Amino acid sequence: MAAAPRRVTVVSPRTTAARTRRVAVTEEIDEQTGVGDAFMRSLIRSQLRLGLLVLAALGVVVGLLPLLFVVAPGVRNSEVVGVPLAWVVLGFLVYPVLVALGWFYVRHAERTERDFAEMVERE
Amino acid sequence: MNPAAGWTAVFVISLATAVIGGFGLRISRTTSDFYVASRSVGPVLNASAIGGEYLSAASFLGIAGLILTYGADMLWYPVGWTAGYLVLLVLVAAPLRRSGAYTLPDFAEARLESQHVRSWSGLLVCLIGWLYLMPQFQGAGITLQTVTGAPSWLGGVVVAAVVVLNVVAGGMRSITFVQAFQYWLKLTAIGVPLLFLVMVWRGDGAPPVPTGPMPDIDRPAHALYSTYSLILATFLGTMGLPHVLVRFYTNPDGRQARRTTLAVLGLLGLFYLMPAVYGALGRIYAPDLAGSDTVVLELPGRMVGGLGGDLLGALVAAGAFAAFLSTCSGLTVSVAGVLSQDVLSRSFTGTSLRGVTSFRLAACAAVAVPLMLALAGADVPVANAVGLAFAVAASTFCPLLLLGIWWRRLTPPGAVAGLVVGGVLSAFAVLMTIAVDLDAGWVDTLLAQPAAWSVPAAFLTMLVVSRLTRSRVPPNVDRTMVRLHTPEQVNVDRGPEAVRASL
């Protein structure tokens, strides 16, 4: 006669295990864990990349002007409303470009920081 | 020009500066007030103050003189001085504010956890500050001589006296009000006369501006190299100027530091439209002034003449004096801060030479040295001398800041080696340019515009020596990086406050 299967108590297997708590990334950063470090590095890298992008734009738009004026003297001396182009560009047009680049950077840097703050403070 | 109008202008500006400074005196009480205005300065006020402090004798007088003499190539000076703020904005502004340090040596010590790097940074702050102050005093001498006929030493002495009194009395809080006022004063003083000058020019049938160098002036040799070296020095040097950095600590947080910098870009761009026009008009109406720094001062008298010319001339002279006073004040505060924290407080510990007393004493020393140099008669055009200060800053503090903020593996020995190499190379070039009269040629050009070789040398030294001493990476560098880069609203452990809270 086959023994009746022993009755067992069915319970959740994890009641005795420590309850996992979802840890905010801010704590990971404070404890300097691998996760926290990865978040910090990614923040720093994206801010650096943004900065270098703006500088590259500055280098191309403004930095190449001296070379252009030497290679193509005709451009330098061509006149816009009676003023040589070099004067117009260096005396006036450069400044709005600088402000625009700065504005672009501030917008994106702030967005990166907002995203970072939301991500690391989420529990 | 009518000396009475000139004297009145100079007197009124000095008095106004002192009165606004005195207004600040009533508010500033503690040592931290003296240094950074308790960090409660709003962004608009702060941006005006940065502009006011930054626009020096070189911007107000020097650029127009160089443009008159050499033509459009010299427009790179104002372009570079503005673009330097863009580089500062994208790579330095927010992290530097978040570092929480008062001065460059504070930053160096907090980031590299090394007293040694701090000392070298202090030395360089003094060197750059003095190099920048010297042409301000020279410019003041030229201005007072031009508008009143006074001997050329007097202007420098007047500026030095007003600055010392003001800094000693009020510290930086008053300086912030003064500086903001100075920006708008300078803009008015250079802009209003310009309207009249342009009207005269149009009335004359708008004669064309002669291009190219003026007759009797040698075309500068190796113009393309000089231009690029100048671009490197000004784009990278701005962040390394001691008086520029101190200003950033008065922003409430990193985000505001960025927004302030953006406003500064706009304010500087607006101002720098004007010296170029003075230079261009000078080429038509005052070609005999080629090679001097006085075109901005003399043009109103020559083109308008009579009582109107006298009044406009007095207004320009007032603006020029505002330029000397504001830049000198900022530099004096910075240099005095370093002298009092790192020299006086330390060597006389045990005596009562601490806090405010030592700051006041240091302010006198900060002004005395460059005044002596200016009176001893170093003869370099004002804008060029300031350009050399930028080259030293770009060769020293620029690599320290950029690598310190973005590269974890920078070590104290690497930082010191880079500061020394960059500092020695650029200072050598400056000394040769000021003291020795070389024949025009490659050697002369390389020394007159050292940034193109001294900046890469400094960067390379810092990188290589840091890699060779990799065991010396500061132990808390990860925590420091969290402090530098995490936005303030995120609540994380940023490590101990970098600044000594009580002095």
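In this predicted model, Glu110(A) and Arg259(B) form a salt bridge whose closest N and O atoms are 2.7 Å apart, where a salt bridge is a side-chain nitrogen of Lys or Arg within 4 Å of a carboxyl oxygen of Asp or Glu. Because Glu110(A) lies in helix H5 of chain A and Arg259(B) in helix H12 of chain B, the pair joins two chains; helices (H or I, at least four residues) and strands (E, at least two) are DSSP runs, numbered from the N terminus.

Residues are numbered from 1 along each chain as its sequence is written, and chains are lettered from A and ligands numbered from 1 in the order in which they are written. Local features need pLDDT of at least 70 and side-chain atom pairs count only at pLDDT 80 or more, while totals for chains, interfaces and linings use all residues; side-chain values use heavy atoms, with hydrogens and water left out.

**Salt bridges between the chains**

- Arg259(B) counts as partly exposed at 38% relative accessibility, whereas Glu110(A) counts as buried at 8%; buried means under 20% relative accessible area, exposed over 50% and partly exposed in between, with a 1.4 Å probe and protein chains only.
- Glu110(A) also forms a salt bridge with Arg255(B), with 3.5 Å between the closest N and O atoms, and this pair crosses from helix H12 (residues 254-285) of chain B to helix H5 (residues 85-121) of chain A.
- Arg255(B) is partly exposed, at 34% relative accessibility.
- Another salt bridge brings together the side chains of Arg408(B) and Asp37(A), at 3.8 Å from N to O, and it crosses from the loop between H16 and helix H17 (412-435) of chain B to helix H2 of chain A.
- Arg408(B) is buried, with a relative accessible area of 14%, while Asp37(A) is partly exposed, at 25%.
- Salt bridges with shared partners join Asp37(A), Arg41(A), Arg408(B) and Asp478(B) into one network.
- Over all chains the structure holds 13 salt bridges, and the count between chain B and chain A is five.

**The interface as a whole**

- Contact, which means heavy atoms within 4.5 Å, involves 48 residues of chain B and 45 residues of chain A.
- About 4,100 Å² is buried between chain B and chain A, and carbon and sulfur atoms give 72% of that area; buried area is the accessible area (1.4 Å probe) that two parts lose on being put together, summed over both.

**Chain A: confidence and helix H2**

- Chain A has a mean pLDDT of 85, with 87% of its residues at 70 or more; pLDDT is the predictor's confidence in each residue, from 0 to 100.
- Within chain A, confidence is lowest in strand S1 (residues 79-80), at a mean of 77, and highest in helix H2 (residues 34-63), at 93.
- H2(A) has 30 residues and reaches 40 Å from its first C-alpha to its last, close to the 44 Å expected at 1.5 Å a residue, the expected span being 1.5 Å times one less than the number of residues.
- The buried residues of H2(A) include Met40(A), Leu43(A), Ile44(A), Gln47(A) and Leu50(A).

**Aromatic pairs in chain B**

- Rings of Phe, Tyr and Trp (its six-membered ring) pair if their centres lie within 6.5 Å, and planes under 30 degrees apart count as stacked, over 60 as edge-to-face and the rest as tilted; by this rule there are ten aromatic pairs over all chains.
- The rings of Tyr77(B) and Trp81(B) have centres 5.4 Å apart and planes at 55°, so the pair is tilted.
- Tyr77(B) and Trp81(B) are separated by about one helical turn, because they are four residues apart in helix H5 (residues 76-91) of chain B.
- Tyr77(B) is buried at 4% relative accessibility, and Trp81(B) is buried at 1%.
- Tyr132(B) and Phe390(B) form a tilted pair, 6.0 Å centre to centre with 45° between the planes.
- Since Tyr132(B) lies in helix H8 (residues 115-148) and Phe390(B) in helix H16 (residues 382-406) of chain B, the pair ties together parts that are 258 residues apart in sequence.
- Tyr132(B) is buried, at 2%, and Phe390(B) is buried, at 0%.
- Ring pairs link Tyr54(B), Tyr77(B), Trp81(B), Tyr85(B), Tyr132(B) and Phe390(B) into a cluster.
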